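I went in with a handful of plain questions and wrote down what I found.

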Amino acid sequence: MVKPIRVAGGVASTADEVVEAYAPNPELISPHEWGQVRSHAVAATKTAGYEAPSSARQALRYATRMLVWAYRRGQPLDPEVVFTQDNVRAFLATEGAGWSEAGRATAASYLHRLAWHATTTAPWHGLPAPVGRARPIAPPYTAREIAGYWAAAEVQATEARTRVLTTMLTLGLGAGVNAGELLRVTAGDVLIHPQEPRLWVVVLSDRTVPVLIEYVPALARLTEKYPEGPLIGPHNRNSRDPVGKLRSSLEIPSYLPPLRQAQLRTTWMVQLLSMDVRITEFMTIAGLSSGSVLEKLLPYVADRDDQDRYLMAGAGLSPRGGADAS
């Protein structure tokens with residue numbers, strides 16, 4: 001059971017309840033301004049697909065502040081106009097001038113996800129790397145988007161295309177396999193733990209990755225059907241972008257965002273961080289040598305605040321991976 005959070009003087013237990021109940025501080029944003037931007041802020045937050053109440057509340061706060069900032073400058077409230085890269089940079093430079101670096105980074109991550117999902121023409125896909133800083137991480141796919149990709153895999157025009165899309169989803173969402181690794185994984189690289197048949201792993205060149213349990217059946221079908229050669233199927237490894245070439249043949253519905261292996265991997269990393277996995281274990285499983293990615297993933301990891309579990313765990317009162325202590 002998710003612990004309710006306070007919103008506008010009341011409490012809310014779900015992301016939808018948060019969005020419906022939220023109202024900004026009237027000393028910062030007037031009721032008139034809130035009335036002007038509310039529908040746009042709510043739509044952007046819902047589209048971004050936040051499921052944790054605390055994350056939905058934070059996202060709605062940033063969406064509201066961004067929209068009010070644009071409204072005060074006389075800009076149209078069309079998301080395609082408001083949520084542009086230039087506007088987000090300007091908002092962070094002005095409104096965020098007094099914030100800490102961590103605060104600005106968190107705001108940037110939320111606004112990136114909001115803009116990514118709220119716009120279709122604003123060029124948020126493939127953001128240029130800011131000077132002196134790493135490229136922003138692609139936000140995770142929502143549960144609705146993932147379901148849409150799986151549905152698309154079932155109706156591809158050819159078996160080869162079905163194989164490509166199913167392999168991308170299974171290895172990306174189930175094991176965080178990146179684009180280069182995707183081309184090399186074969187059935188021989190997939191092993192089953194001798195003492196625990198539910199535990200399947202993918203042996204890569206630099207690490208062994210446990211497969212998330214919900215993706216084991218799909219992986220089992222792939223390895224059984226394609227016991228020889230790369231699971232992704234035949235491809236030209238000498239082409240400039242072999243994964244991109246395979247992906248370009250897929251039939252993806254227009255309502256879904258572009259399918260990217262890096263974004264599938266981000267989705268997997270967020271799910272992994274939402275489980276009882278230590279940071280050192282996460283770094284090893286994900287094949288990371290730097291912890292800088294953790295800060296970028298933070299806005300997407302749901303709070304574990306049900307029944308104060310995180311407080312119990314932080315006090316050493318809950319066995320790792322087990323039930324709360326009584």
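Which residues are buried in helix 13 (residues 279-286)? I looked them up in the model, which is predicted, and found Phe282, Met283, Ile285 and Ala286.

Next I asked what the buried residues of helix 13 pack against. The partners are strand 5 (208-210), helix 12 (261-273) and helix 14 (292-297). I also checked the residue just after helix 13: Gly287 has a positive phi of about 70°.

Strand 5 had come up, and I followed it into its sheet. Here 3 strands make an open sheet, ordered 3-4-5, with antiparallel pairing. Strand 3 (190-192) and strand 5 are the edge strands, each pairing on one side only. On average, neighbouring strands are turned by 30° against each other, direction ignored. Between strand 4 (residues 200-203) and strand 5 I found 3 bridges, and Val203 sits opposite Thr208 in strand 5. Helix 10 (residues 216-225) packs on this sheet and touches strand 3 and strand 4. I noted an angle of about 60° between the directions of helix 10 and strand 4.

Then I turned to the largest nonpolar core, which has 83 residues. Leu111, Val202 and Leu259 have the most contacts inside it. Helix 3 (residues 53-72) supplies the largest share of this core, 10 residues. Both domain 1 (5-118) and domain 2 (143-311) give the core at least three residues each.

Setting aside neighbours within four places in sequence, I found Leu259 in contact with residues including Tyr141, Tyr149, Met168, Arg247 and Ile252.

How values were computed. Residues numbered from 1 in each chain as written. Predicted model: local features only at pLDDT ≥ 70, side-chain atom pairs only at ≥ 80, totals over all residues. Heavy atoms only, no water. Core = buried A, V, L, I, M, F, W, Y, C linked by side-chain atoms within 4.5 Å. Buried < 20%, exposed > 50% of the residue type's maximum accessible area, 1.4 Å probe, protein only. Helix = DSSP H or I, 4+ residues; strand = E, 2+ residues; numbered from the N terminus. Domains from an automatic or database assignment. Contact = heavy atoms within 4.5 Å. Pairing = 2+ DSSP bridges. Axes fitted to C-alpha atoms, helices over the stretch in contact; angles between N-to-C directions.
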